[in-house]
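Student: Walk me through this one, please. Keep it brisk.

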Amino acid sequence: MLHRSFAEIAKGQQAASIDGILADIGVSSLQLDDAARGFSFQADGPLDMRMDPRGERTAEQVVNHLDERQLADVIYEFGEERRSRRIARAICRSRPIRSTAHLADVISAAARPMNQAERRIHPATRTFQALRIFVNRELEDLQALLEAAPRILKPGGRVVVISFHSLEDRIVKDAFREGAIKDKHFRVLTKKPVTATELESDRNPRARSAKLRAAEKV
Ligand SMILES: C[S@@+](CC[C@H](N)C(=O)[O-])C[C@H]1O[C@@H](n2cnc3c(N)ncnc32)[C@H](O)[C@@H]1O
């Protein structure tokens, strides 16, 4: 059991030595449901959001120290939030912000739902996702894992990734496709992502957004 970022998966690993990689990425229910970790706007807690508590950057530092334009860019890029500028301005005007509830209130006041679809999700959902991805360098780490996989997998070895939002899934899809068409080191096993059945989603609503993709090293 190695406690380190999966971006370092190849560290100390011989080339073509691994049979398979299963990466179930993103945040865990244990982390989301622990208010003290600060991932969720459902319960009040410190603005932390570090997946690895040894990480140097917390969401509180990002929210209180990034300049307004950088903050808007983070919210737009990693949250796909069209109201990013308005939310970033409201956050900067409300500093210092120390808790998840305070941040969620500031965002809710600034980001009134503009249509039916937005009324279905909490106004803070996308911004909290954006801050979490930024604090934990989630997309960079995923890229690094996908770049290392073909090097450390044995021929016939497989890499399987379970992702939970479109930004992650797009990176996995592109990496497998490029690995098959351009680099010729992968055979894509999932033309379409494998998703949870209705039964599984009813039993575990968080599985609803999960997408599994797999590729085999040739
Ligand atoms: C979706 S959860 C996995 C849940 C687990 N499969 C289970 O059934 O309990 C993803 C886990 O990956 C961890 N994680 C996220 N990014 C990581 C990274 N770059 N390196 C190592 N672990 C990471 C998170 O802290 C979280 O615990």
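Student: At what angle do the axes of α5 and α7 cross?
Tutor: At roughly 130°, where the axes of α5 (residues 100–110) and α7 (residues 125–135) come within 10 Å. Helices are DSSP runs (H or I, at least four residues), strands likewise (E, at least two), both numbered from the N terminus. Axes are lines fitted to C-alpha atoms, for helices over the stretch in contact, and angles run from 0 to 180 degrees between N-to-C directions.

Student: What should I know about the model itself?
Tutor: It is predicted: local features need pLDDT of at least 70, side-chain atom pairs count only at pLDDT 80 or more, and totals for chains, interfaces and linings use all residues. Residues are numbered from 1 along each chain as its sequence is written, and side-chain values use heavy atoms, with hydrogens and water left out.

Student: Back to α5 and α7. Left-handed or right-handed crossing?
Tutor: Right-handed. That label applies if the near helix is turned clockwise from the far one by less than a right angle, and left-handed if anticlockwise.

Student: Which residues of α5 and α7 meet?
Tutor: From α5, Thr100, Leu103, Ala104 and Ile107; from α7, Thr127, Phe128 and Leu131. Contact means heavy atoms within 4.5 Å. By class, that α5–α7 contact has five nonpolar, two polar and no charged residues. Nonpolar covers Ala, Val, Leu, Ile, Met, Phe, Trp, Tyr, Cys and Pro; charged covers Asp, Glu, Lys and Arg; the others, Gly among them, are polar.

Student: Which residues of α5 are buried?
Tutor: Thr100, Leu103, Ala104, Val106, Ile107, Ser108 and Ala110. Buried means under 20% relative accessible area, exposed over 50%, and partly exposed in between (1.4 Å probe, protein chains only).

Student: What do the buried residues of α5 pack against?
Tutor: Against α2 (59–65), α4 (84–93) and α7.

Student: And how do α3 and α7 pack?
Tutor: At an angle of about 100°, with their axes 8 Å apart. So α3 (68–79) and α7 are roughly perpendicular to each other. Leu71, Val74, Ile75, Phe78 and Gly79 of α3 make the contact with Arg126, Thr127, Gln129, Ala130, Leu131, Ile133 and Phe134 of α7. Those α3–α7 contact residues divide into eight nonpolar, three polar and one charged.

Student: New topic, α8. What should its 15 residues span?
Tutor: 21 Å, for α8 at residues 138–152 and 1.5 Å a residue. The rule is 1.5 Å times one less than the number of residues. The end C-alpha atoms of α8 are 21 Å apart, which agrees.

Student: Is Glu138 buried or exposed?
Tutor: Glu138 counts as buried, because its relative accessibility is 8%. Glu138 is in α8. Leaving out residues up to four places away in sequence, Glu138 touches Gly26, Met51, Arg132, Ile133 and Glu168.

Student: Which other residues of α8 are buried?
Tutor: Among them are Leu139, Asp141, Leu142, Leu145 and Leu146.

Student: How do the axes of α8 and α9 cross?
Tutor: At roughly 20°, coming within 10 Å, with α9 at residues 166–181. That makes α8 roughly parallel to α9. Glu138, Leu139, Leu142, Gln143 and Leu146 of α8 meet Leu167, Glu168, Ile171, Val172, Ala175 and Phe176 of α9. The α8–α9 contact divides into eight nonpolar, one polar and two charged residues.

Student: Now the backbone. Where is the cis peptide bond?
Tutor: Between Arg95 and Pro96, with omega about 0°. Pro96 is in the loop between α4 and α5. Most peptide bonds are trans, and most residues other than glycine have a negative phi.

Student: What is the phi of Ala16?
Tutor: About 50°, a positive value although Ala16 is not a glycine. Ala16 lies in the segment before β1 (18–24) and is partly exposed at 38% relative accessibility. Glu80 also has a positive phi, near 50°. Glu80 is in the loop between α3 and α4, and is partly exposed at 31%.

Student: Last one. Where is Asp48?
Tutor: In the loop between α1 (29–33) and α2. Asp48 is buried, with a relative accessible area of 15%. Not counting residues up to four places away in sequence, Asp48 touches Arg37, Gly38, Thr58, Ala59 and Val135.

Technical notes. Angles under 35 degrees count as roughly parallel, over 145 as roughly antiparallel, 65 to 115 as roughly perpendicular and the rest as oblique.
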